[in-house]
Amino acid sequence: MSIFSKIKKAFKSSTPTPVEKVVPQAKKAAPVTAGPVLAATPKESSPKEVSVLLNAIKERRTIYSLKPELPRGVTLEDIKEITQAILKDTPSAFNSQPNKVVILTGEAHKQVWNQVVEAIPTEDGKRRPQSAADEAFGTIIFLTDDAVTKGLQEGFPAWAAAFPDFAVTSNGGVQISTWTALSQLPGFGAHLQHYNFLKGFLGDKIGENWTVQAQLVFGSKVVEAGEKSYNDNAIPVITDL
Ligand SMILES: Cc1cc2nc3c(=O)[nH]c(=O)nc-3n(C[C@H](O)[C@H](O)[C@H](O)COP(=O)(O)O)c2cc1C
């Protein structure tokens, strides 16, 4: 059973899905590329769905204390399927889709992180990558394809300077959405890292033009995240200048 069927089944068994209310479909933006346009599925956009999403955003936390196994009932295929869905639907400049993801586990995960440890000179600096090697089940590596950015720069020279930032922005969307979605799996824990030089340890497993942007180190959560402090960051609404 796919992870989406599992989620649907769990959701169905606890909540009846309202079917009678038809919500008008939002206007679709014109597609940038030629080709068949998939029909958008009409969706219930109820406040309940919004609160489910907001709760998931709130519940995503940095979890450093991990065990090198998957939570019960979760498969690597589930992790891949969820990440794949996010990779597909994350927006990007001009719909250029510069994002790439690879998942490391098993010996590959251990070897890469052990090489990161070796490359770091200080004992203190080795601690985090050593915990990734020993205490995590896997790593989701987020990358951008520089060839896509270069193509955009050539195609749209007026925007050339902006495209590298656009690619990183879009990649950040993939990172945080993936972290948020996976954190909804009971027992899943992860922390985000930036040992981007580990590209050198991946050899020809990734594209030559790909740049590593971040790593989500994941496994089974051992200890919940502690309290988090928040800045007072009220949003002003400006109606007159
Ligand atoms: C863009 C970004 C970069 C981050 N880089 C690191 C990192 O390199 N190492 C790390 O341990 N945590 C990193 N974090 C995690 C933050 O420290 C963490 O999200 C923050 O303290 C808030 O805690 P929370 O994730 O539990 O909400 C990063 C988070 C973001 C969004």
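Modeller: Helices here are DSSP runs (H or I, at least four residues), numbered from the N terminus, and their axes are lines fitted to C-alpha atoms over the stretch in contact, with angles running from 0 to 180 degrees between N-to-C directions. This is a predicted model, in which local features need pLDDT of at least 70 and side-chain atom pairs count only at pLDDT 80 or more, while totals for chains, interfaces and linings use all residues. Residues are numbered from 1 along each chain as its sequence is written, and side-chain values use heavy atoms, leaving out hydrogens and water.

Helix α6, residues 146–155, packs against helix α7, residues 163–182, at an angle of about 140°, with the two axes 9 Å apart. That angle makes α6 oblique to α7, because angles under 35 degrees count as roughly parallel, over 145 as roughly antiparallel, 65 to 115 as roughly perpendicular and the rest as oblique. The crossing of α6 and α7 is right-handed, meaning that the near helix is turned clockwise from the far one by less than a right angle, whereas anticlockwise is left-handed.

Helix α4, residues 106–119, and helix α5, residues 123–135, pack at about 165°, with axes 8 Å apart. Their angle makes α4 roughly antiparallel to α5, and these two helices cross in a left-handed way.

Polar contacts are pairs of N or O atoms within 3.5 Å, and a ligand oxygen lies 2.8 Å from a side-chain N or O atom of Arg60, while for Lys228 the corresponding distance is 2.5 Å. A polar side-chain atom of Gln193 is 3.0 Å from a ligand oxygen.

Technical notes: A polar contact is a pair of N or O atoms within 3.5 Å; within protein, one must be able to donate a hydrogen and the other to accept it, and residues adjacent in sequence count only if both atoms are side-chain atoms.
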